[in-house]
Amino acid sequence: MRVLVVTGAGISAESGIPTFRGTGGYWRNLDPTKLATQSAFDSDPEIVWQWYRERRDMIRRAQPNAAHQAVARLSARADDFFLITQNVDDLHRRADWDGYRLPCDQVVQIHGDIFMTKCERGDFARAENADDAFGIPRCPKCGARMRPGVVWFGEELDPREVARADGFVRARPCSAVIVVGTSVAFDYIVHWTRLATGRRGRLIEINPEDQFLGGLGAEWIKEPAAVALPRLVDELLAERKPS
Ligand code: OAD
C-alpha cells in the first residue's frame, strides 16, 4: 500500500480557514490571489503583512479536523506514504491519530510555511517572533525587508522541496493517490498526481463542489473532506491485503 495524498485549502475549510478562491476567501474586499504577490508587497507591504498576521492568528486558533486526522492515520498504516500540501498552515503537522503524528520527512509544504519569516533578498529565514507583530520586520543580516515564508504567485518553488516531492513520485507508482480540497490550479500538482498514479493506481478526488481531475480518470467523491476522508481511509485500510 503506497499512497500519495495531495491537499489544498479545502481540507482546512472545516477548521474555519477560508479557501483562496471560494466564498469567504476575500479579506477586506481584497482578493487573496492578488495579495499573495510580490507586486502587492512592493506597493503596500504593510497591508500584506496585516493580512498574514491575521491569517497566522486565525490558524493558531484553529484545530485540525477529522480529515487532517485521517491523513495522519493513513500515514501511520500505509507501507509507504507521502503528503504534498499546498497549504501554508500547520494543521497537518498538529493533527494526530491515537498519539501518532505525520513525520516531517513524509510531508512537503510546497507553498511554504506561514509561520516562517524570510529575508526578501537573501537566504536568511527564521520562525515568526515578536518583531513580526508590527510594521515591516527587517533582516538582521542585511537590513532588507522580511516577508512571510510562503511562495507567492509567479515565484519559483523551493528546489529542495520540489526534489523531495519528485523523489517520492518517481520512485515507483502508488496504489492510491488522493487529492483533497484543491482547485488544482498548478501544472506541477497535475504532473505529480499523474506520475504517482501511473497506469494502475487508483486516483480519488475529494471536493464537495467541483471536479478538476476527471480528465485523468479520477473517481470523484463529492463531499466535504472531513466527511469523506475518514470513511475512505477506513475503506482503504479494510481492503488492504494481509501481509
Ligand atoms: P482553492 O481555494 O483554489 O480551492 C479550494 C478547493 O477546496 C475548492 O475547489 C473547493 O471546492 C474545495 N473545498 C471547499 N470546501 C471543502 C471541503 N470542506 N472539503 C473539501 N474540499 C473543499 O485552494 P487551493 O487549490 O489550495 O498558492 O489553491 C492552491 C493555491 O492557490 C494555494 O496554495 C495558494 C493559492 O493561491 C499560493 O499562495 C502560491
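Reader: Why are α4 and α8 called roughly parallel to each other?

Author: In this predicted model, where local features need pLDDT of at least 70, side-chain atom pairs count only at pLDDT 80 or more, and totals for chains, interfaces and linings use all residues, the axes of α4 (residues 66–77) and α8 (residues 225–239) cross at roughly 20°. Angles under 35 degrees count as roughly parallel, and α4 and α8 are therefore roughly parallel to each other. Residues are numbered from 1 along each chain as its sequence is written, and side-chain values use heavy atoms, with hydrogens and water left out.

Reader: What makes up the contact of α4 with α8, by class?

Author: Contact means heavy atoms within 4.5 Å, and among the residues that make it are A70 and L74 of α4 and L229 and V233 of α8. Ala, Val, Leu, Ile, Met, Phe, Trp, Tyr, Cys and Pro count as nonpolar, Asp, Glu, Lys and Arg as charged, and the others, Gly among them, as polar; on that basis the contact of α4 with α8 has eleven nonpolar, no polar and three charged residues.

Reader: What makes α6 roughly parallel to α7?

Author: The axes of α6 (residues 159–171) and α7 (residues 187–197) come within 8 Å and cross at roughly 25°, and that makes α6 roughly parallel to α7. By class, the contact of α6 with α7 has six nonpolar, one polar and two charged residues.

Key:
Axes fitted to C-alpha atoms, helices over the stretch in contact; angles between N-to-C directions. Helix = DSSP H or I, 4+ residues; strand = E, 2+ residues; numbered from the N terminus. Parallel < 35°, antiparallel > 145°, perpendicular 65-115°, else oblique.
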